[in-house]
Amino acid sequence: MRLQKIIKDLIKELGEDPEREGLRETPQRVEKSLMYLLKGYKEDPKKILGKTFEVKDYDEMIVVKDIDFFSLCEHHLLPFFGKVHIGYIPKEKVVGISKIARLVEVFSRRLQIQERMTTEIAQTLMNHINPLGVGVVCEAVHLCMMMRGVEKQNSVVLTSAMLGVFRKRAETRHEFLTLIGREKPIK
């Protein structure tokens, strides 16, 4: 109820009548929406990754690409959304591939900046399964850039986090970028 009151007060401050028919139930709807959009705070990334599986004699790259995500920019509370591509080379353990998509969901369902989200995904995978390396590339459009400020509707933001052999070995990084369709290095 406290959040609904805050939303009702916000509507008033913006110059609207929160008792108007179209706005009467808006505080409840916005609260429900925000709780869903920010549900990542209530989820533990380590639990999401769950059980790992021992793997012997497999040291090739595993890539999950085009993982859709939606998030809210912590600076303006406006959406940004796009795709995340993740690759890793196992040392002794792998994780279920659906868990990788769920990991993206955990971090994207928080007030975020794209740079931190990219790093959090990579670091969590690195810490949880201790692979030879992890690569994460995130590409997104930001409504705070499109709807306000500079109003650049065609801008796309690319971020990357390369850990372990993805950082140390250019050929590993290049293979990952090629597999996700980004042959040219991201600067």
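Strands β3 and β6 run antiparallel and are joined by 10 bridges; strands here are DSSP runs of E of at least two residues and helices are runs of H or I of at least four, both numbered from the N terminus. The model is a predicted one, with local features requiring pLDDT of at least 70 and side-chain atom pairs counting only at pLDDT 80 or more, while totals for chains, interfaces and linings use all residues. Residue numbers start from 1 along each chain as its sequence is written, and side-chain values rest on heavy atoms, with hydrogens and water left out.

Within this pairing, Val84 sits opposite Cys138 of β6. Both strands belong to an open sheet of 5 strands, ordered β5-β2-β3-β6-β7 with mixed pairing, where two strands pair if DSSP finds at least two bridges between them. In general, such pairing runs through backbone hydrogen bonds, either parallel or antiparallel. The edges are taken by β5 (111-112) and β7, each of which pairs on one side only. Helix α4 packs on the sheet and touches β2, β3 and β5, its direction making about 20° with that of β2; axes are lines fitted to C-alpha atoms, for helices over the stretch in contact, and angles run from 0 to 180 degrees between N-to-C directions.

Then there is the inside of the model. The largest nonpolar core holds 30 residues, and Phe69, Val84, Ile86, Tyr88, Ile121 and Leu125 touch the most other members. A core of this kind is a set of buried Ala, Val, Leu, Ile, Met, Phe, Trp, Tyr and Cys residues joined through side-chain atoms within 4.5 Å; buried means under 20% relative accessible area, exposed over 50% and partly exposed in between, with a 1.4 Å probe and protein chains only. At least two residues come from each of β2 (62-73), β3 (79-89), β4 (93-95), α4 (97-108), α5 (114-129), β6 (133-142) and β7 (157-164), and α5 gives the most, with 6. A second, separate core has 9 residues, among them Val137, Val165, Phe166 and Phe176. Beyond its neighbours within four places in sequence, Val84 contacts (heavy atoms within 4.5 Å) a list of residues including Phe69, Val104, Met117, Ile121 and Val137.

As for α5 itself, its 16 residues reach 23 Å from first C-alpha to last, close to the 22 Å expected at 1.5 Å a residue, that span being 1.5 Å times one less than the number of residues. Among its buried residues are Gln114, Thr118, Ile121 and Leu125. Just after α5, Asn130 takes a positive phi of about 50°.

Aromatic pairs number 3, counting rings of Phe, Tyr and Trp (its six-membered ring) with centres within 6.5 Å; planes under 30 degrees apart are stacked, over 60 edge-to-face and the rest tilted. Phe69 and Phe80 pair edge-to-face, 5.8 Å centre to centre with 75° between the planes, and link β2 to β3 across 11 residues. Phe69 and Phe80 are both buried. Phe166 and Phe176 are also edge-to-face, at 5.5 Å and 80°. Phe166 lies in α7 (165-168) and Phe176 in α8 (170-179), so this pair ties together parts 10 residues apart in sequence.

Out in the loops, Asp57 has a positive phi near 60° without being a glycine; Asp57 falls between β1 (52-54) and β2 and counts as exposed at 83% relative accessibility. Leu77, not a glycine either, shows a positive phi of about 55° in the loop between β2 and β3, and is exposed at 53%.
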